[in-house]
Each structure stands twice: as structure tokens, then as C-alpha cells.
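This report describes one protein structure in plain terms. Please look at the sequence and the model before reading on.

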Amino acid sequence: MSSVASVHSLWTVAADTPGKIPAPHIEYAQLSPTLIVLGAAVIGIVIEAFVPRRHRYSSQLLLALVALAAAFAAVIGLAAGGFGSAKAHIAAMGALAVDGPALFLQGTILLVSLVAVFTFAERRLDPAAHGHHVDSFAPQPAAVPGGAAEQAAVKAGFTTTEVFPIALFAVGGMLVFPAANDLLTLFIALEVFSLPLYILCALARRQRLLSQEAAVKYFLLGAFSSAFLLFGVALLYGYAGTVTYAGVAEVISDGAKQIDPALAGAMGNDALLLIGAALVLMGLLFKVGAVPFHMWTPDVYQGAPTPVTGFMAAATKVAAFGALLRLLYVVLPGMRWDWQPVMWGVAIITMLGGAIVAITQTDIKRLLAYSSIAHAGFILAGVIATSEEGISSVLFYLGAYSFVTLGAFAVVTLVRDAGGEATQLSKWAGLGRRSPLVAAVFAVFLLAFAGIPLTSGFAGKFAVFKAAAQSGAGWLVVVGVLSSAIAAFFYIRVIVLMFFNEPKADGPTVAVPSPLTTTAIAIGVAVTLVLGLAPQYFLDLAGQAGVFVR
């Protein structure tokens, strides 16, 4: 009772003397990229409420593109102002870091999202329905699939323009995730970008039931991973008496200097530290799609609308690896000998598991899903390096990989038959003879995934493997090279299928996209070739951004 009374008296004293309550100090200019995107998302919701239906598509598309471009300009401005190096610091009352890795990852996420919005806005691939252009999203997501309400929505020409503000909310969460500097901000950012993704996955125009099933699986497994992460945060708080990254790291390295009497019984307990760190890592490895936390990846990639799959595969990986790097390098460097062997094991089974299972796939989207799992393993090799070269190689790989992925999924949207996208691999036979340009572009992306020289994939793999080898993880590099060889088999198998097999008489056609998807694919090819032919400038850029503020 006495403790309750003392807490109550503290509250009443604080209320009686308002001058004693400190106002929060927020550096709005340094948080402007995130604030611009979230502000635009809120304006997008207002547009949905008040703008007539016929003007919503153009309004939402323009707003999303302007917001993402403005946020990217803000990131460039902060980097040019020295916030990625000399002026790097902790902002927003200790909640967010403004430093090189955060700005590099935020810039990558914004560019990827900008290109992804082009694929979201595509309306030329499906034949017009009742005189109206249609996109990849359900006309009325709340309607029963195939029911009278859905048919009426198609007839009326409804489009789900809410996907643009929903995607902007997801991007806002992704921008905060790799910059989070305390465990609660990390969890909130995770939820802010996960919940919109669950919704986006359920909105496919074709194969509605498969799409909804994918969203439910993603939601249920995502809820489990969020629960693990939150439980881990609670245990780490019990161990260190604080949720700030620097505070937890200090207790790990120096022991508890000033023990909070309320937590004295638990603080410094290594069991809490080990279990808490493992649970938080589990939550992040789920988002990364590492084995054995990868179960959601193939089903969700297959069921979600393909533009959403591309956005998710590219942007989520960048955000999740950024958060994982910051956690391991800023919070848990004192536990390096504990987490490194575990991460070795995760990286090895992720590389081999993704590559071997991909060989058996007959659906192009599932094949790319297992490919993304294998790539998560390759990136983990750079994470394990625990050096500045490791950080910069991971940053470069994420930038290169995200554009290749986005381009590959944009090409998948073009190959269509009467049922919509033709994702069965057997239907891609002879595509190179039917549409040489589209097949050639897809072949470039597949060669980049395989890590063939003169593509961005080779430069990225070389950088992460070199960083891992220099840090003494030579055996990991050997496994990585073997996995790359296995992966190259199924990528080249698809190229052979497209160019050296006879096209089927009833095979799919290649739709002619609008300039939006054409631009997305062209950017993907350009980035793939530029980072493959002249990677040094971008490797240097990633190297300059490779130091975390503590």
C-alpha cells in the first residue's frame, strides 16, 4: 500500500507543478523522411473519404509518388548535411538513430517503394471489364469472392485505391524499423509495417481465396513472431532495467552499475539475457525469412497480388536486415561468442535449404520465394562478419537484391493466360521465341540472382563472402559457394525452358504494360547492370555508411 501511495503522491505533485513535466524534444527535421511518408498516408485516408471515386486513383498515385520522392530527397539532404557520419546521433528522446546505416537503408526502402508504386498502379495488363480499366487488386475486398456484391463492383468499375495509403503506412513502419534505438520502438515499427502488409496480401483480384489464405497464414505466423519478439523485449528489460539499446549493451558489457531496487532480483541474470536475446532474434529472423522461420514465405509470395509480393520481398528484407544488424552490432556485441555459432547454423541451413527446395518448385512465384530464402542466408554471411566491411557488404547486397527482386516480380505480372498470371513454370516454355525481349529481361534478373559476373548479384555475393572470409568464417563461404552453385542450376533451368523449348500452342501471352510497369522493369535492369559493371562507387557509399552510432 505504501508504494502505491508514494507513486500516487508523485503523480499529484507532478500535476500540481506543470513546469516540472519536461516537454519531449523531437528533432523534426532529422525525422522528416518518416514524417513525410506517414503524413501522406494520413492524407491518403482523407482522400478516400472525401474525393469522388473517379478522381481517387490519380490523386492517390500522385500523392504516393510525390511523398516517396520528397522523403528520398529529405534522406539525401540529411546525408549531405553530415548526419550519416560526423553529425550522426540519437534523436527523438533516444528512440531513433540518425546515422549512416539508417539513412542508407531508408534511402533504399524509399527508392524500392517508389518503383513498387508503379507496379501497384498498373491498369493495362488485364482486359478492360465493362469498359473500365482493372488493376491487380480486388474491386471490393469486403465482398464475398465470386458473390453478387463483387460482380456489381466489377460492373461499376470500382478500384481499391486504398492500397496506396496502406502501402505508405507500411513504408513508414519500415523506415523506423532499421533506425529504432530502443526495443519498444522496434516492436511498434514492426507492427506498423506488418499490419498493412497482412491487408495488402489479401487483396488479389484473381484467385481471391488463395490470396485470403496467404494473408491469414501470414497474419497468424506474424502474430506468433511478434509475440516472441515482445516476450524477448520483456526479458531483456528484466535483465537490464532499460529498453534502450545503449543501456542494454552497457549492462551486458559492464554489469549493472546502478541497480534499480525494483529490478534488483532479476538484473544481471544471464538466463534472462540469453532467452530474451534469442526471442528477439527469432522475431527478426522471421521477417528476414531465414530457415527455420521461413514457413510463411512460399505460400504468402504465391498467394499475394504479384505487385505486393515484389514490394514485400524487396522492402521488408531491407528493413528487417537493417534492424537485425543494429541489434547484433549495437545491443549484443558483448554476446558475440554466444550468438555467432547460432547465426552460423541459421545461415548454413538457410542457404542450403532455400537452394535445394527451390529445385523442386513448379510455380515461378514459389521458386522466387525459395530463392529469396537462399539469399537471406547469403546476406547472413555478411552479418556474421561483425566488421565494418560486413555492414557495408550487407548494405550493398540489400540495395542490389531489392531492385532485382522487384524487376523479376514485375516481369511475372506480364505473362498471362485466361486465368490471369501464368505462374506455372511449364507455361513459360518457349517464352523466348514468343516474346524475346521479356524473356531476355527475365534472364538478366535470373543471372543476377545466380551471381553471374557483370551483374549486381555477383558484386553483392563477392562483397559478403569476402567480408565473411576476412572475419574467419571461411567454411561459411564454402557452403555459400556450394549453395550458389545449386541455386544457379534452377535459375539456368528456367532460362533453358524459355529459350530452348518449343512454345505450346495454348501457351500464355505477354501483355503490353503501361509506361508504369515498363519504367519499373527498366529501372531494375539498369540497377542490375550498373551495380554489376561499376559497383565500386556504390560499395564506397555503403562503406561510408557502415558505422552505427551508439
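Two residues are in contact when they have heavy atoms within 4.5 Å of each other. The model is predicted: local features need pLDDT of at least 70 and side-chain atom pairs count only at pLDDT 80 or more, while totals for chains, interfaces and linings use all residues. Residues are numbered from 1 along each chain as its sequence is written, and side-chain values use heavy atoms, with hydrogens and water left out.

Helices (H or I, at least four residues) and strands (E, at least two) are DSSP runs, numbered from the N terminus. Gln340 belongs to helix α13 (residues 336-358). Leaving aside neighbours within four places in sequence, Gln340 is in contact with Ile384 and Thr386. Is Gln340 buried or exposed? Buried means under 20% relative accessible area, exposed over 50%, and partly exposed in between (1.4 Å probe, protein chains only). Gln340 has a relative accessible area of 9%, so Gln340 is buried.

A nonpolar core is a set of buried Ala, Val, Leu, Ile, Met, Phe, Trp, Tyr and Cys residues joined through side-chain atoms within 4.5 Å. The largest such core has 185 residues, and Phe120, Phe177, Leu380 and Phe442 have the most contacts inside it. Helix α12 (residues 306-331) gives the most to this core, with 18 residues. Not counting residues up to four places away in sequence, Phe177 touches Leu186, Ala189, Leu190, Phe193, Leu284, Ala319, Ala320 and Ala323.

| Property of α3 | Value |
|---|---|
| Range | residues 53-80 |
| Length | 28 residues |
| First C-alpha to last | 41 Å |

The buried residues of α3 include Arg56, Tyr57 and Gln60. These buried residues pack against α2 (32-50), α4 (100-120), α6 (163-176) and α20 (515-533). After α3 comes Gly82, whose phi is positive, near 90°.

The model also has an open sheet of three strands in the order β4-β3-β5, with antiparallel pairing. Two strands pair if DSSP finds at least two bridges between them. The edge strands, each pairing on one side only, are β4 (420-421) and β5 (509-510). Strand β3 (residues 415-417) is joined to β5 by two bridges, and Val415 has Val510 in β5 as its bridge partner.

Conventions: The expected span of a helix is 1.5 Å times one less than its number of residues.
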